[in-house]
Amino acid sequence: MDVLQLQRKLREHQAAMLREGFLDDQFSQLQKLQDESSPDFVIEVVKMFFDDSEKLLNNMTRALGQVPVDFKQVDAHVHQYKGSSASVGAARVKNVCATFRNFCETQNLEGCVRCLQQLQNEYSLLKNNLQYLFRLQEEIQAAGGSIPTIE
């Protein structure tokens, strides 16, 4: 596949992620901070988000498995995850966190468990989509092209 086709695929994929609500404008803002002096900035930030996500999802799973459930502890993990997802523009993950926090507040275990499953699913979809986006960027650079800016 030539560079122009790869660049078009990249633009289309990112536009779809924005349109489908996986990402919001915060992700575009992150991309604007990337330049020649920090060419891997976005990938590094997103990798930290992935690491945080795995840790926080595991912490939430453990906390919801405790008897009795410490809803304040669960909420603290969800609150942290909401902030982390907002900082990278992971809109759908952030929105599930907002709902999850409401269930923590009312100490609704069933609602919390449902939200945790939904979070795990949204995170998995987001991670797969972002990894594909980064693979396209690598292919473009390997072919000697530049990463197109997406507005």
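**Aromatic cluster and surroundings**

Not counting residues up to four places away in sequence, L126 touches M17, F22, L23, F49, A90 and V93, where contact means heavy atoms within 4.5 Å. The model is predicted, so local features need pLDDT of at least 70 and side-chain atom pairs count only at pLDDT 80 or more, while totals for chains, interfaces and linings use all residues. Residues are numbered from 1 along each chain as its sequence is written, and side-chain values use heavy atoms, with hydrogens and water left out.

F49, one of the contacts of L126, belongs to an aromatic cluster together with F50, Y81 and Y123. Four aromatic pairs are present in the structure. Rings of Phe, Tyr and Trp (its six-membered ring) pair if their centres lie within 6.5 Å; planes under 30 degrees apart count as stacked, over 60 as edge-to-face and the rest as tilted. F49 and F50 make a tilted pair, at 6.3 Å centre to centre with 45° between the planes. F49 also pairs with Y123: the ring centres are 6.4 Å apart and the planes lie at 70°, so this pair is edge-to-face. That pair joins distant parts of the chain, with F49 in helix α3 (residues 41-65) and Y123 in helix α6 (residues 109-142), 74 residues apart. Helices here are DSSP runs (H or I, at least four residues), numbered from the N terminus.

On burial, the term buried means under 20% relative accessible area, exposed over 50%, and partly exposed in between (1.4 Å probe, protein chains only). F49 counts as buried because its relative accessibility is 2%. Y123 has a relative accessible area of 5% and is therefore buried. F50 is buried as well.

S85, in helix α4 (residues 71-88), touches F49, A90, V93 and K94, again not counting residues up to four places away in sequence. At 0% relative accessibility, S85 is buried.

Two charged groups sit over rings, which requires NZ of Lys or CZ of Arg within 6 Å of the ring centre and within 35 degrees of the ring normal. The charged end of K127 lies over the ring of F50, 5.3 Å from its centre. For R92, the ring is that of F22, and the distance to its centre is 3.8 Å.

The largest nonpolar core has 40 residues, of which M60, Y81, F100, L119, L126 and L130 touch the most other members. Such a core is a set of buried Ala, Val, Leu, Ile, Met, Phe, Trp, Tyr and Cys residues joined through side-chain atoms within 4.5 Å. Helix α6 gives the largest share of this core, 11 residues.

Notes: Helices (H or I, at least four residues) and strands (E, at least two) are DSSP runs, numbered from the N terminus.
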